[in-house]
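Good morning, and thank you for coming.

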Amino acid sequence: MAELATTPSQTVGPYLHIGLTWDDGPYVAPDGTPGAVWLRGQVFDGAGEVITDALVETWQADPDGRFDHPDDPRRSSGWRGFGRSDTRDGGYAIHTVLPGALPGQAPHIDVSVFARGLLHRVVTRVYFPEHTYVDDPVLASVPSERRDTLIATRTDDGYRFDVRIQGERETVFFDV
Amino acid sequence: MTTQEKLVGYRRDADSHPPLDSPGYGSTALRHPTQPLTLLPHRLTEITGPLLGPGRVGALDHDLTRQHAGEPIGQRIVVYGRVLDGDGRPIPDSLVEIWQANAGGRYRHTGDRWPSPLDPNFDGVGRTLTDADGRYEFVTIKPGAYPWRNHDNAWRPAHIHFSLFGRSFTQRLVTQMYFPDDPLFGQDPIFNSVPEHARSRLISRFDLDRTQPEWALAFEFDIVLRGRDATPLEQSHG
């Protein structure tokens with residue numbers, strides 16, 4: 001089969017909200033789900049200013065470490081696993097439950113950040129402070145002095161995970 | 001428990017995309033990472049992705065000219081195409097989201113201060129699912145160009161924003177579709193941020209055969225998401 005070249009990425013621009021926000025976007029887990037937490041954070045630019053026109057998307061396994069997807073041999077059923085929240089109020093907020101560990105990997109959430117000025121999404125991962133990471137191959141691949149940019153901190157109602165696009169304590173971003 | 005999974009990853013395609021640091025587009029200056037990206041081999045989280053079904057799409061979401069009591073002002077167009085992967089395989093049942101300015105180049109967004117009127121009959125937002133052959137179709141009006149403040153007398157070429165999920169986290173793509181022969185291409189740093197050899201992939205094709213006589217013009221825009229690696233990566237999990 002002939003290989004086709006990928007369509008190039010372009011920025012979401014400043015008006016992404018009209019096209020990419022859903023009322024239930026932040027709710028990976030519905031209101032009232034036992035054990036649910038809020039994952040909250042802010043997105044900062046290279047001057048340390050809060051970015052209020054970003055969109056944060058999350059993708060994660062269910063609490064048993066499974067996805068509702070044909071490529072997951074242990075496929076779950078009915079697990080959305082996906083969240084999206086814009087940052088117009090100064091930060092993003094995702095209502096979810098903690099993912100389970102995956103084979104050989106600590107529990108994590110894959111994150112995409114889109115914004116005006118980002119010509120392509122940037123991708124990072126959220127890990128959780130309760131878990132030990134010695135065996136996680138992705139964390140192990142990150143220089144130790146930057147590893148904490150991938151680890152959320154505990155808050156009253158869940159976790160905080162800030163994204164620093166550029167500059168001091170720049171978040172580790174992945175080439176996926 | 002030890003499992004041995006054969007994961008088939010996706011081919012990398014960095015040469016298709018704009019560099020995040022694109023000085024001609026001023027907003028990239030403080031919004032691009034300066035540290036090198038860390039290579040992420042594809043594992044289960046990356047080769048799976050949200051399968052967002054029909055519950056996300058209303059009956060008229062694909063027809064942006066029929067979402068209000070009256071018709072929007074502007075040139076009616078059909079925008080259609082296929083969503084394929086890099087091996088030419090159609091991607092079925094996949095959510096496509098679009099948003100755009102109205103015929104005068106104005107978005108229905110509180111942040112858009114360009115003094116061109118809003119159209120009470122046009123929101124500029126559409127959604128649909130691809131069919132079994134990866135096909136999608138929208139009916140809309142041709143968006144106008146609009147000025148922005150990136151550089152002296154800067155104008156964005158007419159464009160429609162597209163958001164695609166494909167079948168995996170890895171295939172997620174947000175892009176912009178342009179129209180053929182736009183005289184504004186030469187001065188637009190967003191369009192020109194794309195490597196020159198890849199720019200034409202962002203331009204739709206006028207299609208006389210798909211016009212609706214005495215009703216609408218038609219533009220074809222195929223979208224290609226990443227294809228899969230030829231061989232599975234053996235990953236041992238203990």
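Predicted model: local features only at pLDDT ≥ 70, side-chain atom pairs only at ≥ 80, totals over all residues.

**Strand pairing and the contact between chains**

Which residue in β5(A) is the bridge partner of L39(A)? That partner is I94(A). Here β1(A) and β5(A), the latter covering residues 92–96, run antiparallel and are joined by five bridges. As a general point, the side chains in a regular strand alternate between the two faces of the sheet.

I now turn to the contact between the chains. Chain A contributes 60 residues to the contact, and chain B contributes 65 residues. On the side of chain A that touches chain B, α1 (16–20), β6 (108–115) and β11 (174–175) each supply at least two residues. Of these, β6(A) gives the most, with five residues. By residue class, that side of chain A divides into 30 nonpolar, 19 polar and 11 charged residues.

Strand pairing also links the chains: β11(A) and strand β2 of chain B, residues 38–39, run parallel and are joined by two bridges. Within this pairing, F174(A) stands opposite T38(B).

Finally, a word on confidence. For the complex, the predictor gives an ipTM of 0.97 and a pTM of 0.96. Chain B has an average pLDDT of 94, and 95% of its residues score at least 70.

Terms used: Residues numbered from 1 in each chain as written. Chains lettered and ligands numbered in written order. Pairing = 2+ DSSP bridges. Helix = DSSP H or I, 4+ residues; strand = E, 2+ residues; numbered from the N terminus. pLDDT = per-residue confidence, 0-100. Contact = placed C-beta atoms within 7 Å. Nonpolar A, V, L, I, M, F, W, Y, C, P; charged D, E, K, R; others polar.
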